[in-house]
Structures are given as structure tokens and as C-alpha cells.
Amino acid sequence: MATRVLIVDDAIFMRNMIRDIFANGGFEVIGEAGNGLEAVEKFRELKPDLTTMDIVMPFKSGIEATREIIADNPGAVIVMCSALGQESLVMEAIEAGATDFIVKPFREEDVLSVVRKVIGN
Amino acid sequence: MVEDVSRYLDLFVVDAREHVAAVETSLARLESCAGEVKGSEVREVLDECFRRLHSLKSSAAIMGFEPISTLAHRIEDVVERLRGRESLPRPLLEVLIEASSALGSLVEQSSAGIHTKLTPPTSVHTLLTAADEALTKSDTTSQNAGGRDWRTAAAAASVSGSAAALELLPPLSPPTSGGTEFRSPESPGLPGLSGMSGAPAGESRREGDAAASPNHPVTVVRVRISERAGAPLARAFLAKRRLETLGTVRSMEPSLDALKSGECSPTTLVSVGFIVHLDGVHSTEAIREVLSRLPEIDSVDVLGDSPLVADGSEEKKEATPQPEQNQPDRATLKPSEQTVKVRVELLDMLLELAGELVLASSRIHDTARLVPAPTGERLEEQVDRLRLLVKELNYRVLAARQSPLQLLADRLPLVIRELSRRLERKLSLHIDGADVTLDRGLIDALAEPLLHAVRNAVDHGIEPPSERILAGKPETGRLWLSARRERDRVLLELRDDGRGFDANRLRDKAVRAGALTRAQADALSDEQALRLAFLPGLSTRDKVNDISGRGVGMDAVLQVTEQLGGTVVLESVPGQGSTVRFVLPTTVSVVNLLLMRVGDELLGLPMGRVLVATEGPGQLHGRRTLEVSGEEIPAWDLGKLVGWPVHTGNAPRPWVVVDADGQRAAFGVDALIGQEEVVLRPLSMPLDRIRGLAGTAILGSGRPVFVLDVPRLVG
């Protein structure tokens, strides 16, 4: 069964790009969220196998959302999408419970190799 | 600030070597006499040894070299007990010679640096304990027995080690492992890493220290981050957390703080890696297993498990072979620890060559990609290895050029005393952060501007004592010099609590000097007026004196600092004091660039300046700011800023948020291309007149790229 993915990013452009990457890689994208608040709701509703999470987003940051999701679902696999130069934010996210991270701008193969490694494929 | 003793290290080592040599020579002289040594000569030699050891003990303690002071103390104890005796039996003499030799080895180890973890000679301590016990025994049994018991014991001990001595000499207290320390085989060799360790400097165990149980094993793991990692610091951070699932991480080099603050070099994490001391013994497989799901890890090596404390039978497992042999070979220790003076120009040349090597290997790497598999793959792999080595070389040459600011700070107290005398001011100077390091070339070039700023602060800023008292200030004028590292820059601040710059006076001066009209001068804000102090020929001092009033001061300070790639900022609160802030690059040579496409051109931005790269609108539509994470940041179309064709189209595009010395700015670009480490070349005439350009660099592909100087671009 394909891995079910939730994509969280405030930029539609970014969401589209990540969705395409996952679709090409044989993953099943089951939902998208445009901010941290939505992310927490969507996660509750969909229980994805994997969540990609932007860090800087309106209403609720990816770090906050991660913290909340992990509090209820300690096993959740969350991969942060960080922009260049956000290393300290990434570390904060890891402390909040994020499983791993990818750095924008990224190439398709980078995303897939990180994600496959993380989920153990 | 705790006084930093590291600058006394060289002196200490010279001194300590002399002490040890004197002790060894004296003892050897006694040894060369046939038969048992007697009489006044013994007395003389022992007095000399006692004095030397006592002196060494104290200075080693001040320097924080506990194993040295402990061992010196123990030898001193034995010598002390022998002083009252008629003769010095030969086996005991041998113990003393061996012990001083071990002391010498420790001194040589210490010369590597103030944070060197010394490996104390367990067997020598055992011998000394045996000698001590035997002396006690012979004291209680017979004064004239000649120490037959201990002589046998010590002789046995020097032949077959401590175990024999222990057997022969009941009752014995356990061997004092005064200062037995864990020393990983890797830790001393990493440039720039020593001293960053999170481990306390003295992990040494004291006698009777209940908390330090024997055989507390530690596994030393080295992890290297892949060159492809987009965020190597965060990657290392995550790897360290994974390792923590196996056991407590005792220490990490570079330290966690260095990772979090961004002080640690990403290159180090790739070329050298980071090292973790993990509680407990773990197999290589177990360690690789916990890291197996982590991408962007280049290699995981288990450097061995090192017992923190070795008992007698496990001594051979100690990481360093020192100094278990009878004659520690000190000659083999010396070369790596000695220093050689090298001309800065030679280092420059090395750096340039190393930089060229980086570029050349990048080019080979790109070419290797064109070679078909399987040869191509193997070639690429080998070239990757070559690139890592070259990068490490580059890093080490850079590290060799780094010197502490202490070198500058050391000159100041003298200057302050002189100024205080000549200007009849009472002055105090507080220095903070003198251990921050800068490229040696920068330090030398900075001496003049800094000294000038100090003179200026005292001469123009600090009031005479009577005036200070009237103003309700302490009679003594205070100066603070502080340095701290912030990403790829060093902030050097000179603050005083004097009268501050007088903005009106600067306006008047500028008008009188014909630099501004009255109206122009009055239109300036106070902050802008302060910058007038940097105008050539302007001095707020009415009378020229030989301290700082010739008006060739602050403009020269600014000019020199800008040449070094830095800036100077003045801040002042009238009546309360002023601050001169130097913002300096730590090194001028190798930078990690973010490459961006603007129109058809490539531009590079030093990564140290980049705060965030984000998606944003294609056009600003007349707005001058961009909202990033809920904050309005001044924004520019980068193409427009550098005079290239302006970006058209409304599709979202990348925006790079940069730090322009405390002020943030966002640049809209057409595309982000990637990162590359390059050697920054300064611009030659007349290109160096272009504001906003820091230099040029040649990419691995051979393509030249302009590197932006962020603060001056938006300033």
C-alpha cells in the first residue's frame, strides 16, 4: 500500500510542486493544508503516514503544529520543509518532535531519497 | 570574566620544562655516583628538587593542569620525607627519576594547549605510593634499616609494574588515580574544535570521589555529514539526538551550543565530522542502526570505547600509550606540539593555493560526471574524497591564521595607563570576549583603528574627574571592550561612559569646514550627524593635541575597517557615553555563497548573511516592503538594485532575506541556484569603487560571479 502523505505549506506553488514529486515517487497524497491550524485539523482527520511541514506559516507555525501533533501522536512522521538559512528553526522543530527535514530549494530526487530513508524503504 | 590563563601557556611550558630538567639533572647526577649517595650532596639535591617541584606544582595548578600539579605534589611529598635522611637508596632514586620523567611527559602534553586533556601516569603513581608506604614502614620499624622493604618493593615495581609492588607492600592504599582522565584518541587533533567541547575541562577524578565509579565506559562516535546536506548543522543536531536514544551524550565536539548558535563551520561537519562521547559500550552495528534512517550522513565511525578509569589490568586499553614505559620517549611527542613562526604572507600563499585546489577539484568533479559508468562512478567517488581532503586542507590553513583578539587587547592596558597619565583622567578598562578569534591579517590591520578609537574615547569622551563628579558620575571613567561572534562576523565594541558625541558641535564643524551648508547640517538627524565624525578633516576638538585631535582620526578608522570588509558604527547618548562598533568578517578568504539568478546573470550572496529564503510575490507593485513571517521588511528587486533588467511577470518568485548588520532586507531574484564554497577575490581598481560589491569568485564550473556586499548594498 502506498504511503499516505499530508502536505502542509502556505504557498500553493510549493504544495503543487511537492504533490507532483510525491505522485511521481509512487506516494499517495491524501490532503493538503495551508497553515499550522489547518495542519493540526487535517492530521487528526486523515492520520497520514507522513506529513511534510513548512516552518514559517501564517496563524500557526510549522513548529507549533508539529508540537501539537506529536503531543497527541508520538509516532507521527513529520518531515520539515525548511528554507536555506533556517538551521536554528530546523533544530527547534526537531526538538518539537519532527522526524527529519528537507531544505528548499530542493530537487525531486533529494526529497524522495530523504523521505524513503525516513520511512525505512 | 574569569581571567584567561591560556596566554601564559608558552611561559608556563618554558618554565615547567626548566624545572623538570633541573630535577632530572640533579637526580641523574646522584645516580651516576657509584654506590649509595650520602651526605650533604643528597641534601643539596633534594632541596633543589623540592623547590623546583613546589614551584611547578603551583604554576600547574594556576594553569588548570591538575594531573601535573598532582604528580609534582606527590613527588614533592616523597622528596620531603627523604630530606631528613642520611642516604638516598638507589631504587628510590630510580623511582624519583622515573616519576620526574613522567612529569616531563605531562608538561610536553600540556604544551599542546590549555584544554589538553592530560593522561596521568597511573603506574608512576603506584610506584610513588609504594615508595611512600615503604618509607612510612621503615620510619616505624627502624630508622637505620636502609629501607630494605621498600627497596625490594620499588625495585620489583620498576621491573614488573605496579602489581608486584602492591603485593610486596601490604598494607597499601589503593593507587591514587589523581587526575585519571578520559582522553579520546581523536579529540586533540581537531583544529578549532578543542576548547569547544561541552565536557568540563577537568573530568579528572579525585581520591575518594564517590561519584566517579571505576570502569565508566564511553563510546566515541564520529559522524560525518554528507557534502550534499542543505543544513549540515541541523543534520548533526538530529544525528546527535538519535544517538541519545542509546545513552547519554557526555560531550560533543563541536559543542551543541556551537551548532545552535551557528558558530560551528558546516565545512568541519563535512570534512572532519562531529564527535560524540556516548555513555556505555555500544557496538558499531547498534550505532549505525540508530542512524540508518537518517539521510545525508556520509560516514559513521566508532572510534572505540574508552574506559574512563582503567584499573591495573586494563591499563593497556588506555587510549594514549603515555607514559607506561620506563623511558617515555618524549622526543616523539615534541614535533607535533612545537610551534613554528610562519610569515603571514606564506599562509596567504598557502590559502590561495588551497583555494585554487578547491576549485580545481570541483572542476574535475564536474568532468567526472560526464564519464560513463562504472568508471565514472568510481572516478566520482574518488574525486569526492579528494574534494573533502582539499576542503579540510583549506579549513586547516584558515584555522592556522586565526588568532585570538587577546593579541589586540593586550596592548590596551599600557595605552590606557599612558593616556590616564597624560590627560590626567582616571580610567578603568574592562575587556570581554578576548578569546574570540579573527584572521591574523585582520588583527594586525585592526590594531591602529582600535587604538585610535580608544584614544578618541578617552580624549573626547571621558571627562576630567572634577567634571565627572559634577555630572554625578563615578570619578573613574570606564571603558569596555567587548567582542563576540555573530554568524560569520565579529562584533567588536568599544564603549565609554563619557560625555558622548555632541551632534550639534559636529554640525557646526561640518559647516565651518565647508562640507555642508547650514541648512543641510540642520536637516540631519542626530544619528546622521554622528556620521559626520567620519568625515576627513573633521575633529570636534578645538585645540589640536597629540592624542587624537588632528582630525585624521575617525575617517581613517572607517577607511581601514572598510578595506578589511567591515564597517564602523557610532552610537552616542549625550552625557552618558558613546559606542564605536566594528563589524568585521572573521576571515576574508573563503565564503559559502548562495547563488541566485537575476535575469541572465548569476550573483552570489555570502550564506552567512542569508536569514531565510522564501517564496513571495512576483512584483512589489510600488510597495517598498515585503511581509515575511508577519514582519514588514524593506524589499528590493535585486535586478533593479544592481542596474540589470527588471523582473517582469507576476508569478511567485524567490525572495532572500538577508541580515545587513542588524537591519534586514529582502531581495527578489529570478531563481535560487544553489550553494557553493568559493574563494573570494577582492576587486581591483577601479571595480572596488562600486558600492555593494564584495568581490568576485570563480565557481567550480569556471564561471565568474559577482559577490554582493550586503550592508553596503542597502546602506
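Trainee: How many residues does the contact take from chain B, and how many from chain A?

Mentor: This is a predicted model, and in it the contact takes 27 residues from chain B and 24 residues from chain A.

Trainee: How is the size of an interface often given?

Mentor: It is often expressed as the accessible area that is lost when the parts come together. Here the area buried between chain B and chain A is about 2,200 Å², and carbon and sulfur atoms give 65% of that area. On the side of chain B, B:Arg293, B:Pro295 and B:Glu615 supply 21% of what that chain buries against chain A, more than any other three residues.

Trainee: What is the count of salt bridges between chain B and chain A, and which residue of chain B forms one with A:Asp100?

Mentor: The count is 2 salt bridges. The partner of A:Asp100 is B:Arg235, with the closest N and O atoms 2.7 Å apart.

Trainee: Which elements give two or more residues to the side of chain B that touches chain A?

Mentor: They are helix H8 (232-243), helix H9 (256-261), strand E16 (610-616) and strand E21 (671-679) of chain B. H8(B) gives the most, with 8 residues. Sorted by class, this side of chain B has 16 nonpolar, 4 polar and 7 charged residues.

Trainee: Turning to the sheets, what is the strand order in the open sheet of chain A?

Mentor: In general, strands of a sheet pair through backbone hydrogen bonds, either parallel or antiparallel. The open sheet of chain A has 5 strands in the order E2-E1-E3-E4-E5, with parallel pairing. At its edges stand strand E2 (28-33) and strand E5 (100-104) of chain A, each of which pairs on one side only. Within this sheet, 4 bridges join strand E3 (residues 50-54) of chain A to strand E4 (residues 78-83) of chain A, and A:Thr51 stands opposite A:Ile78 in E4(A). Helix H2 (residues 36-46) of chain A packs on the sheet, where it touches strand E1 (4-8), E2 and E3 of chain A.

Trainee: Which pairing does the open sheet E8-E10-E11-E13-E12 of chain B have?

Mentor: The pairing in that sheet of 5 strands is mixed. Strand E8 (427-432) and strand E12 (567-573) of chain B each have a single partner strand, so one side of each is left without a neighbour in the sheet. Neighbouring strands there are turned by 15 degrees against each other on average, direction ignored.

Terms used:
Residues are numbered from 1 along each chain as its sequence is written. Chains are lettered from A and ligands numbered from 1 in the order in which they are written. This is a predicted model: local features need pLDDT of at least 70, side-chain atom pairs count only at pLDDT 80 or more; totals for chains, interfaces and linings use all residues. Side-chain values use heavy atoms; hydrogens and water are left out. Contact means heavy atoms within 4.5 Å. Buried area is the accessible area (1.4 Å probe) that two parts lose on being put together, summed over both. A salt bridge is a side-chain nitrogen of Lys or Arg within 4 Å of a carboxyl oxygen of Asp or Glu. Ala, Val, Leu, Ile, Met, Phe, Trp, Tyr, Cys and Pro count as nonpolar, Asp, Glu, Lys and Arg as charged, and the others, Gly among them, as polar. Two strands pair if DSSP finds at least two bridges between them. Axes are lines fitted to C-alpha atoms, for helices over the stretch in contact, and angles run from 0 to 180 degrees between N-to-C directions.
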